Amino acid sequence: MIDLSAIDFPVELRPAGFMTPAGWKEIENKRAVVRTDTETAFSMVSDQYQLIPHRRVLEPMLGACGELELVPVVREGGRRSGPLRIEGDGRRVHVELRYPRGGIEVPGHKDMIEPRVVLGNSYDKSSAVYGAFGFYQVKCTNAGAVMKGGLIRGTGGAGGFRFAHTSDEYENIDEALNSVKAFLEGFPQRITGLLDLAGGRLDEARAKQIYLEMVGARQYGKSPLESKDLQDGWTLYSKITNWLTMDFKGGQQPMEKRAGEALALILKEIRGDVPSA
């Protein structure tokens with residue numbers, strides 16, 4: 001499904017400590033995660049930490065997701081054109097997948113909303129073994145389809161799964177796969193807020209205020225919106241998220257939170273409530 005050879009570098013746990021005038025002093029109950037081909041220390045962890053190689057996590061999960069017809073995300077260019085993202089010399093790894101068969105057309109627009117799944121692991125304690133669920137706005141343009149990602153916020157385990165590095169739970173691929181299946185099956189119900197944007201009308205002055213609040217005065221000055229764009233809920237949301245940075249880096253980032261805030265504000269104007277997802 002995806003070439004994982006770039007994440008096959010050797011990593012091991014070593015005693016953690018520091019040099020003193022009297023010599024080396026080991027830190028009790030601590031270990032260092034070290035990439036041994038470059039002798040790079042990634043992090044210091046407890047002695048309960050289990051080293052889980054990236055491939056050992058991703059390979060079975062990708063195989064299971066492939067059976068569900070999820071496919072890797074490949075963009076035409078840019079720093080994040082490929083589906084496998086390696087950060088911090090290998091400290092963190094993320095894989096981005098999409099589910100084209102589950103795409104839903106936005107009423108009255110050419111755009112689509114597709115399910116999005118991101119799988120990841122880390123050696124630096126920035127995240128557990130995880131799966132994060134969200135969506136893509138597939139924007140149809142004269143140049144082709146442009147994808148902008150976002151989160152679907154939920155409660156409980158609805159937004160993904162996490163397996164700690166201090167347990168054997170990561171081996172339960174079936175549990176992770178069931179989470180993905182449940183997300184894909186419930187996707188139409190989880191994007192009702194996004195679909196409600198289509199055809200929703202806003203007061204122009206209030207819409208301008210929301211746009212200005214989300215993108216800032218400088219960006220608003222560069223890209224002022226026409227009245228028709230301000231008054232249409234989906235178009236306004238799309239313009240805001242087109243400016244915001246919408247890429248995963250192991251979890252929900254501030255820009256994605258702002259996209260969620262924009263959705264809540266626009267829906268409140270359209271239907272008088274706040275989305276639950």
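## Strands and pairing

Two strands pair if DSSP finds at least two bridges between them. Helices (H or I, at least four residues) and strands (E, at least two) are DSSP runs, numbered from the N terminus. With that in hand, 6 bridges join strand E2 to strand E3 (residues 40-46), and these two run antiparallel.

Before going on, a word on the model. This is a predicted model, in which local features need pLDDT of at least 70, side-chain atom pairs count only at pLDDT 80 or more, and totals for chains, interfaces and linings use all residues. Residues are numbered from 1 along each chain as its sequence is written, and side-chain values use heavy atoms, with hydrogens and water left out.

## The chain as a whole

The protein chain holds 7 helices and 11 strands. Of its 277 residues, 47% count as buried, where buried means under 20% relative accessible area, exposed over 50%, and partly exposed in between (1.4 Å probe, protein chains only).

Contact here means heavy atoms within 4.5 Å. Among contacts in the protein chain with a separation of 6 or more, 64% come from residues 24 or more positions apart.

## An open sheet of three strands

Let's return to the strands. E1, E2 and E3 form an open sheet in the order E1-E2-E3, with antiparallel pairing. E1 and E3 stand at the edges with a single partner strand each, so one side of each is left without a neighbour in the sheet. On average, neighbouring strands of this sheet are turned by 50° against each other, direction ignored.

Strand E1 (residues 11-20) pairs with strand E2 (residues 23-35) over 9 bridges in the antiparallel sense, and a hairpin of 2 residues joins them. Met 19 has Trp 24 of E2 as its bridge partner. On the E3 side, Val 34 stands opposite Ala 41 and Ala 32 stands opposite Met 44. The hairpin of E2 and E3 has 4 residues between the strands, and Glu 39 there takes a positive phi near 55°.

## A look at Glu 26

Glu 26 is a residue of strand E2. Its relative accessibility is 44%, so Glu 26 counts as partly exposed. Not counting residues up to four places away in sequence, Glu 26 touches Pro 15, Ala 16, Gly 17 and Arg 31. Pro 15 is 11 residues from Glu 26 in sequence, and their C-alpha atoms are 6.8 Å apart.

## Two helix pairs

Axes are lines fitted to C-alpha atoms, for helices over the stretch in contact, and angles run from 0 to 180 degrees between N-to-C directions. The axes of helix H1 (residues 54-67) and helix H2 (residues 173-190) come within 10 Å and cross at roughly 40°. H1 and H2 are therefore oblique to each other; angles under 35 degrees count as roughly parallel, over 145 as roughly antiparallel, 65 to 115 as roughly perpendicular and the rest as oblique. Pro 60, Met 61, Ala 64 and Cys 65 of H1 meet Ile 173, Ala 176, Leu 177 and Val 180 of H2. By class, this contact has 8 nonpolar, no polar and no charged residues. Ala, Val, Leu, Ile, Met, Phe, Trp, Tyr, Cys and Pro count as nonpolar, Asp, Glu, Lys and Arg as charged, and the others, Gly among them, as polar.

Helix H4 (residues 204-222) and helix H6 (residues 233-243) have axes that come within 11 Å and cross at roughly 15°. That makes H4 roughly parallel to H6. The contact is made by Ala 207, Ile 210, Tyr 211, Met 214, Val 215 and Gln 219 of H4 with Leu 236, Lys 239, Ile 240 and Trp 243 of H6. The residues of this contact of H4 with H6 divide into 8 nonpolar, 1 polar and 1 charged.
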